[in-house]
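Please look over the sequence and the structure shown below.

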Amino acid sequence: MKNLLPRHYVFIGLFLVILVTMALNISLDVKVSPYTQKLFDKIDALPAGSLMMVSFDHEASSLPEIRPLALAVLRHAFKNDIKLIGVSLFPEGTLIGYRLMHNTAKEYKKEYGKDFVYLGFRPQYVAAILSMGESISATFPQDYPGNDYADIEMLQGIVNYDDINGIISIADGSLITHWIEYGGRYKLNIYGVVTAAMVTTYDPYLASGQMQAMMGGLRGAAEYEKLIGIDGGGARGMLAQSSAHLYVIFLVILGNIIYFRSKKSGKN
Amino acid sequence: MDVGTIIAGLLTLAILSFLYRDNIVYKFAESLLIGVSIGYVLVITWSNTLMDLLFEPLFDGDVLLVIPLTLGLFMLGRFHPKTVSLSRISIAVMIGSGAGVAIPTMMYHRTIKQLSASIAPLVSLDGAFNITGLVVLVGLISTLTYFYFSREHKGAVGKVAKLGTYFLMVFFGTTFGYTVMSRMSTFIGRMEFLLTDFLKLTQ
């Protein structure tokens, strides 16, 4: 204990707060924000058999936050019998997206090639987005497991963005900006599923109508899970997150008290 | 418990050990992460890019692909002083085509579309006052004034610029708050994995 620095106590405090709240295993009820409601309404309004593209535009490091978000939106799509085409514009997102789609499809007994397909990764996102706008089959002559595009039942007659209802970009960075800028040329409906850190980046695009809907962060996942009636990782993490936020606020107040007291007493 | 979960659990603990202090276990996990990430990206790039998009169609007779192949090989010229000029041809093509694609797109989507959204009518057709539109307009003008350096920030200009700083602070505060939320979510996600999948302490 002698070797512990003040920051170690801060970490231990945070660890204990999260440990205790997670051990309680309580799913906190959340109020659904207009952001999440809009995304839910847009996807829910699609008739069964509609075709959506899901792009896994994130790295492995953001998976703990991205996973509940991605699962919520994938579950909603499969539940409503929406057909999905998976792609990735980030090498690291490729296998993650493939596994997430397969595991979620299993829950709803969806068949590969008929209900969903995974095309894999293409480099140079600007070129990839523009290329799919002209021809998806020319961009992905084969899917990720190696089947020819022409042999996949679900993709028969699917030429470009005109044949799909929109793209859901699951992102931890600025890649949705490229979907907006380059996919926007083809009047593509763009939906964002993002980490909390990116919400303020995309807010102006939502306000301008360049992006149709968005949800962000663990809270967004909890709200979406509530809307689709599933108790997932988002809802389970809400109590821990709220407690962690209170802990941070407590530290900010404590830090300010210490600062002003030391200033008053003339200490550095 | 499967081997993957055990490895992931141990590596998570190894990374978290950095919170105490830098140590050899953390360094091992960090080096492993970098090595695996680079290896994975190389494999994906080789199979999904070079094989799928270049070599296979080239050997199938798409001779036009010789052009990007040559430009790609020119890029390797940077490694030798005598061939460095070859790489400039590839870079020129990249910059020229990249700028050609990006400039009109950015002008339209980042400037014109954003500006038009910022100057939405303050009163709608049914007579309702658009308070959000007013806040956006005041925020836009005052923040732009703050970044206007051709005139000293004194008098009316100074007051508007000062107002701009408040809008900026609100933006920074919101962004920071969301970033804290994001990092907490990541940590909670990892803790859930450790407690539920790895240690089986919770369900």
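The second largest pocket is lined by 33 residues, and A:Pro123, A:Gln124, A:Ala127, B:Thr49 and B:Pro68 are the ones nearest its centre. Two or more lining residues come from each of α5 (125-134) and α6 (136-139) of chain A and α2 (24-59), α3 (66-75) and α4 (84-118) of chain B. Helices (H or I, at least four residues) and strands (E, at least two) are DSSP runs, numbered from the N terminus. This is a predicted model, in which local features need pLDDT of at least 70 and side-chain atom pairs count only at pLDDT 80 or more, while totals for chains, interfaces and linings use all residues. Residues are numbered from 1 along each chain as its sequence is written, chains are lettered from A and ligands numbered from 1 in the order in which they are written, and side-chain values use heavy atoms, with hydrogens and water left out.

The structure also holds 2 cavities of 30 Å³ or more. On a 1 Å grid over the protein atoms alone, a cavity is a set of points where a 1.4 Å probe fits but cannot get out, and a pocket is an open set with protein on both sides within 12 Å along at least five of seven lines; lining residues have an atom within 4 Å of a point. Grid points are joined across faces, edges and corners, and a volume is the space filled by probe spheres set on the points.

| Space | Volume |
|---|---|
| Second largest pocket | about 1500 Å³ |
| Largest cavity | about 80 Å³ |

Among the residues that line the largest cavity are A:Asn25, A:Arg236, B:Glu192 and B:Gln203. Helix α1 (6-24) of chain A and α6 of chain B each give two or more residues to this lining.

Helix α6 of chain B covers residues 155-198. Its 44 residues should span 64 Å at 1.5 Å a residue, and its end C-alpha atoms are 63 Å apart, which agrees. The expected span is 1.5 Å times one less than the number of residues.

In chain A, 5 of the 5 residues of strand β4 (residues 167-171) are buried, so the strand is largely enclosed by the rest of the structure. Buried means under 20% relative accessible area (1.4 Å probe, protein chains only). β4(A) runs parallel to strand β1 (residues 51-57) of chain A, joined by 5 bridges. Strand β5 (residues 190-194) of chain A also pairs with β4(A) in the parallel sense, over 5 bridges. Two strands pair if DSSP finds at least two bridges between them.

Definitions and conventions: Buried < 20%, exposed > 50% of the residue type's maximum accessible area, 1.4 Å probe, protein only.
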